[in-house]
Amino acid sequence: MSIEKFIEGIPKAELHLHIEGTFEPELMFEIAKRNNIKIKYSTVTELKNAYKFNNLQEFLDIYYAGANVLIHENDFYDLTWSYLNKVHEQNVKHVEIFFDPQTHTDRGISFDTVITGIYKALEDGKEKLGITFRLIMSFLRHLDEASAFKTLEQGLAYKKWISGVGLDSSEIGNPPSKFERVFAKSIEEGFITVAHAGEEGPAEYIWEALDLLNVKRIDHGNRCLDDHKLVDRLATQQIPLTLCPLSNLELKVVTDLKDHPIVKMMDKNLLVTVNSDDPAYFGGYMNENYLGIAKALNLSKRQITELVKNSFNASWLPDTEKEKYI
Ligand code: ADE
Ligand code: ZN
């Protein structure tokens with residue numbers, strides 16, 4: 001069986017996905033039109049041509065601008081439903097997705113509008129497509145602690161729907177320590193914690209995420225390889241890293257997929273997983289991410305199977321559900 005068919009056929013889980021990062025240009029134009037909002041670009045092609053990034057911040061500027069057209073509950077529903085249908089075609093069985101409430105509440109959209117639209121689509125995805133899910137509310141780290149606390153307060157009313165809290169956006173200059181108290185309160189309220197760390201930022205930020213935010217997974221974590229003591233800690237405790245190969249390529253975290261550290265990390269006994277991050281912006285969903293590294297790094301079917309199993313292992317599914325896949 002070809003490597004393409006093998007990757008397509010194997011049931012997969014996605015653990016690092018920003019729902020706002022699944023906003024395909026075609027849907028963006030459709031929603032902009034029905035909401036009477038003008039997009040800076042006049043055609044889908046023109047918009048897609050703008051997707052050339054030299055770093056994380058250049059991407060974030062375009063990503064936040066795109067999210068501006070999302071106004072109504074059904075916009076958030078359509079966004080999420082469209083993503084679920086895409087990954088259903090790719091044999092993804094379980095998703096743990098981020099949403100960024102502040103991206104929307106700061107523009108006057110209510111927290112309820114955002115989460116209800118997303119959640120209804122996730123429920124429909126479970127019922128109609130058989131995709132199980134968890135929802136993670138992510139704080140924007142370029143904003144201040146007070147704003148994160150306000151967001152946490154808003155999320156408390158939807159505790160039943162939200163499994164965890166995360167930390168994303170501009171990493172350098174916004175260390176995890178900035179949010180130590182928000183994360184402590186989040187844990188007290190029963191949320192699991194994760195954080196983006198070591199994508200562009202230093203290994204020190206990964207230590208902080210572990211020690212100050214008590215995270216159960218590190219999102220990205222590429223820079224851990226700069227610090228062998230940190231690698232030892234992550235390996236010994238089997239703290240999962242949610243890697244995003246195409247994102248790393250597009251944001252110039254790596255210059256070529258052949259240089260992607262995933263195999264090096266597996267060799268160091270790190271629990272690494274493959275994810276798409278912001279697939280509409282980085283040129284691929286789950287299968288494209290797996291295929292990208294499989295080809296660039298000449299991965300065997302055994303290695304791909306191990307990566308897939310890692311994802312189910314690192315997920316927040318109960319053991320009885322995990323066992324179906326590992
Ligand atoms: N928000 C969306 N994608 C992100 C990424 N790759 N890093 C940090 N924040 C993000
Ligand atoms: Zn991310």
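## Fold and overall shape

The protein chain of this predicted model has 17 helices and eight strands. Helices (H or I, at least four residues) and strands (E, at least two) are DSSP runs, numbered from the N terminus. Residues are numbered from 1 along each chain as its sequence is written, and chains are lettered from A and ligands numbered from 1 in the order in which they are written. Local features need pLDDT of at least 70, side-chain atom pairs count only at pLDDT 80 or more, and totals for chains, interfaces and linings use all residues.

The C-alpha trace spans about 50 × 45 × 40 Å along its principal axes. A compact globule of 326 residues would have a radius of gyration near 20 Å; the protein chain has 18 Å, which agrees. That radius is taken over C-alpha atoms, and the globule rule is 2.2 Å times the number of residues to the power 0.38.

## Burial and core

Buried residues make up 47% of the 326 residues. A residue is buried if 20 or more other C-beta atoms lie within 10 Å of its own, exposed if 12 or fewer, and partly exposed in between; C-beta atoms are placed from the backbone.

The largest nonpolar core has 91 residues. Such a core is a set of buried Ala, Val, Leu, Ile, Met, Phe, Trp, Tyr and Cys residues joined through C-beta atoms within 7 Å. Ile118 is among those with the most contacts inside this core. Beyond four places in sequence, Ile118 touches Ile19, Phe76, Thr80, Phe99 and Leu135. Contact means C-beta atoms, placed from the backbone, within 7 Å.

## Around ligand 1

The residues around ligand 1 include His18, Gly21, Leu56, Tyr63, Ser247 and Asp278. Each has its C-beta atom, placed from the backbone, within 6 Å of the ligand. An unreviewed UniProt entry lists Asp278 for "binding site"; such annotations may be inferred rather than shown by experiment.

Asp278 lies in the loop between strand 8 (272-274) and helix 14 (279-282). Asp278 counts as buried because it has 24 C-beta neighbours inside 10 Å. Leaving aside neighbours within four places in sequence, its contacts are His18, Gly21, Tyr63 and Ser247.

## The Ser170 loop

Ser170 sits in the loop between strand 4 (164-168) and helix 9 (180-188). Ser170 is partly exposed, with 17 other C-beta atoms within 10 Å. Its C-alpha atom is separated by 7.0 Å from that of Leu56, 114 residues apart along the chain. Beyond four places in sequence, Ser170 is in contact with Leu56, Gln57, Leu60, Arg141 and His142.

Technical notes. Two residues are in contact if their C-beta atoms, placed from the backbone, lie within 7 Å.
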